Amino acid sequence: MTDPTLPQLPATSREWHLVARPHGWPEAEDVALREVPVVAPGEGRILVRNLHFSVDPYMRGRMDETKSYIPAFALDRPMEGGAVGEVVASRADGFAVGDHVLHFSGWREYADVDAAQAVKVDADLAPLSAYLGVLGMTGLTAYAGLFEVASFKEGDAVFVSGAAGAVGNQVGQMARIKGASRVIGSAGSDEKVKYLVDELGFDAAFNYKNGPVHEQLAAAAPDGIDVYFDNVGGDHLEAAIGALKVHGRVTVCGMISGYNDTEPHPGPRNMPMIIGKRLRLQGILVGDHYDLQGRFVQEVGSWLASGELKYRETVVEGIENGYDAFLGMLRGENTGKMVVSTIR
Ligand code: NAP
């Protein structure tokens, strides 16, 4: 067992606390960046200096008190989420000072982590931030959502919304690599649309802010689609139901267009088409698919090595900018995975 290297530890760490539950869009007053003492880890625990942490859409749901598949963030406690960092003190077998780990105590500079909840990651294999995105939770969501939930097969025409985001850009590229007949993406700026087509090899893409989604989708997929990977909900889901062919499949991954709504969202008006076309709409929770982790890392790792699959990150520097990074992600300021770097 490694002795804790306590003398080298700083006295305090900064962390983001939720202090009020937002109504609609989160405000600056809903959170506080607080300074807390750094404590030595107890038996079976490690102290981690976070290097990068993740800001994700699902965190908006955790700010609310509503019953969900994951508990709400507690008030006056640090918010949680994926993070990678370096072990600086260990009282756990198998973890030594200097190891890099992935864990779930993000939104803070130093994290006191139950070693059983931490996974060692290899900084030589990939940049550490990649374990939060392309090789991490969002990458696995894309992989499981496309291949397991949507039962993707070669020759399918695939439409993905939120296509320039962390999950979406991986979905489109994975479909292309595995022989999709056509890959179509939607995103919120002309620059993102250009990125999808010119750099990631999408066959077509459109800016959903430039006109009705159903019209733009019909133009981009004149022969219809077999699979819709939904990250957005709302008018995107309605347009996709209209464009899906008989026996089409939908992976319902996220509905970010409604995450800050204060009233329930009306559903798609064309739901009866689900019957006539015998569509299958199925939700995904990435947590159900960790059995695919080994195959996912191996396959995605080989696509990354060969250059077939690309990824981008939008990195915001400094823990003090972490909350702005989160809000920026909700507004669409990211291309690829939004990551906060806490290295100083
Ligand atoms: P992301 O796509 O990297 O970032 C969120 C993006 O959503 C923004 O960049 C923005 O891009 C887009 N957006 C925001 N408001 C929108 C609106 N009103 N209409 C259309 N697009 C909007 O985030 P991510 O981590 O990859 O997550 C994508 C989706 O997957 C989210 O819905 C998330 O909740 C879901 N998710 C689900 C699971 C699961 O297990 N079910 C796991 C991970 C993620 P634009 O510039 O294009 O608007």
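The shell around the ligand draws on two domains: domain 1 (12-133 + 312-341) and domain 2 (137-287) each give at least three residues. The model is predicted.

**Exercise 1. Describe the shell around the ligand: which residues come nearest, and how does the shell divide by residue type?**

Step 1. Count the shell. There are 27 residues around the ligand.
Step 2. Pick out the nearest. They are V167, K192, Y208, I284 and N334.
Step 3. Sort by type. The shell holds 16 nonpolar residues, 10 polar ones and one charged.
Step 4. Look for helices. Helix 2 (137-149), helix 3 (166-177) and helix 9 (322-331) each contribute at least two shell residues. Helix 2 gives the largest share, with three residues.

**Exercise 2. Find which protein atoms lie 2.8 Å from an oxygen atom of the ligand, then state how much of the ligand is buried.**

Step 1. Check the backbone of V167. One of its N or O atoms is 2.8 Å from a ligand oxygen.
Step 2. Turn to the side chain of Y259. Here an N or O atom sits 2.8 Å from an oxygen atom of the ligand.
Step 3. Go to V286. A polar backbone atom of V286 is also 2.8 Å from a ligand oxygen.
Step 4. The ligand taken alone exposes 900 Å², and the protein buries 90% of that.

**Exercise 3. Assign the buried and exposed residues of helix 4 (residues 190-199), and explain why the buried ones line one face.**

Step 1. Apply the cut-off: buried means under 20% relative accessible area. The buried residues of helix 4 are K192, V193, Y195 and L196.
Step 2. View the helix down its axis. The buried residues of helix 4 fall within an arc of 160°, so they line one face.
Step 3. Recall the geometry. An α-helix has 3.6 residues a turn, so residues three or four places apart point the same way.
Step 4. Inspect the face turned away from the buried side. It carries the exposed residues E191, K194 and D198.

**Exercise 4. Is K337 buried or exposed, and which side chain does its own side chain contact?**

Step 1. Locate K337. It lies in strand 15 (residues 337-341).
Step 2. Read its relative accessible area. The value is 4%, so K337 is buried.
Step 3. Identify the partner. The K337 side chain makes a polar contact with the side chain of S54, at 2.9 Å.

Technical notes. Residues are numbered from 1 along each chain as its sequence is written. This is a predicted model: local features need pLDDT of at least 70, side-chain atom pairs count only at pLDDT 80 or more; totals for chains, interfaces and linings use all residues. Side-chain values use heavy atoms; hydrogens and water are left out. A residue is near a molecule or strand if one of its heavy atoms lies within 4 Å of it. A polar contact is a pair of N or O atoms within 3.5 Å; within protein, one must be able to donate a hydrogen and the other to accept it, and residues adjacent in sequence count only if both atoms are side-chain atoms. Accessible areas come from the Shrake-Rupley method with a 1.4 Å probe; for residues, only the protein chains shown count as cover. Helices (H or I, at least four residues) and strands (E, at least two) are DSSP runs, numbered from the N terminus. Ala, Val, Leu, Ile, Met, Phe, Trp, Tyr, Cys and Pro count as nonpolar, Asp, Glu, Lys and Arg as charged, and the others, Gly among them, as polar. Domain bounds come from an automatic or database domain assignment. Buried means under 20% relative accessible area, exposed over 50%, partly exposed in between (1.4 Å probe, protein chains only). The arc is that of the directions from the helix axis to the C-beta atoms.
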